[in-house]
Amino acid sequence: MLHKSADELANLYAEEGLHEFPFGGLPPLKGREEVRAAYRVTWSETPAEVERVRMVALHATADPEVVVVEQQTDVTVAGNPITVPGLLVLRVRDGRIVHTRDYMDSSAISRVRAAV
């Protein structure tokens, strides 16, 4: 996110990885190449600049493949600082992400879009 590098992000995923946005109203991204393509477009079109990603908490689960990450992403849009809280539920197998459920604060996303 810091580098807006779709390649760096996609390379974290298994070939058949799935990235879902349960609250975002966005279609799921199916497979590493769809993750790469979607983020390449998204990050190339947004004027929002990610300043910092802060991990608030990392939670282990009873399933050794699953972790829950609470984070806050500080972005700047047209000189306006905005913090976007989020929660990721990640399933990692053999060192690659096989499933992400990406819960972003939709009101913060609305503020980012309005600042553009």
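Predicted model: local features only at pLDDT ≥ 70, side-chain atom pairs only at ≥ 80, totals over all residues.

Biologist: How many aromatic pairs turn up in the whole structure?

Modeller: A pair of aromatic rings gets described by the distance of the centres and the angle of the planes. Searching the whole structure that way gives a count of 2.

Biologist: Take Phe23 and Tyr103: is that pair stacked, tilted or edge-to-face?

Modeller: The ring centres of Phe23 and Tyr103 sit 5.1 Å apart, with 65° between the planes. Angles over 60 degrees fall in one class, so this pair is edge-to-face.

Biologist: And how many residues apart are Phe23 and Tyr103?

Modeller: Phe23 is in the loop between strand S1 and strand S2, while Tyr103 belongs to strand S6. The pair links distant parts of the chain, with a separation of 80 residues.

Biologist: Is Phe23 buried or exposed?

Modeller: Its relative accessibility comes out at 60%. The cut-off is over 50%, so Phe23 counts as exposed.

Biologist: What about Tyr39 and Trp43: which kind of pair do they make?

Modeller: Both are buried, and they sit 4 residues apart in helix H2, so about one helical turn separates them. Their centres are 4.8 Å apart with 55° between the planes, making the pair tilted.

Biologist: Last one: is Thr73 buried or exposed?

Modeller: Thr73 is in strand S4, and beyond its sequence neighbours within four places it contacts residues including Met1, Val50 and Ile82. Its relative accessibility is 5%, so Thr73 counts as buried.

Technical notes
Residues numbered from 1 in each chain as written. Heavy atoms only, no water. Helix = DSSP H or I, 4+ residues; strand = E, 2+ residues; numbered from the N terminus. Buried < 20%, exposed > 50% of the residue type's maximum accessible area, 1.4 Å probe, protein only. Contact = heavy atoms within 4.5 Å. Phe/Tyr/Trp six-rings, centres within 6.5 Å; stacked < 30°, edge-to-face > 60°.
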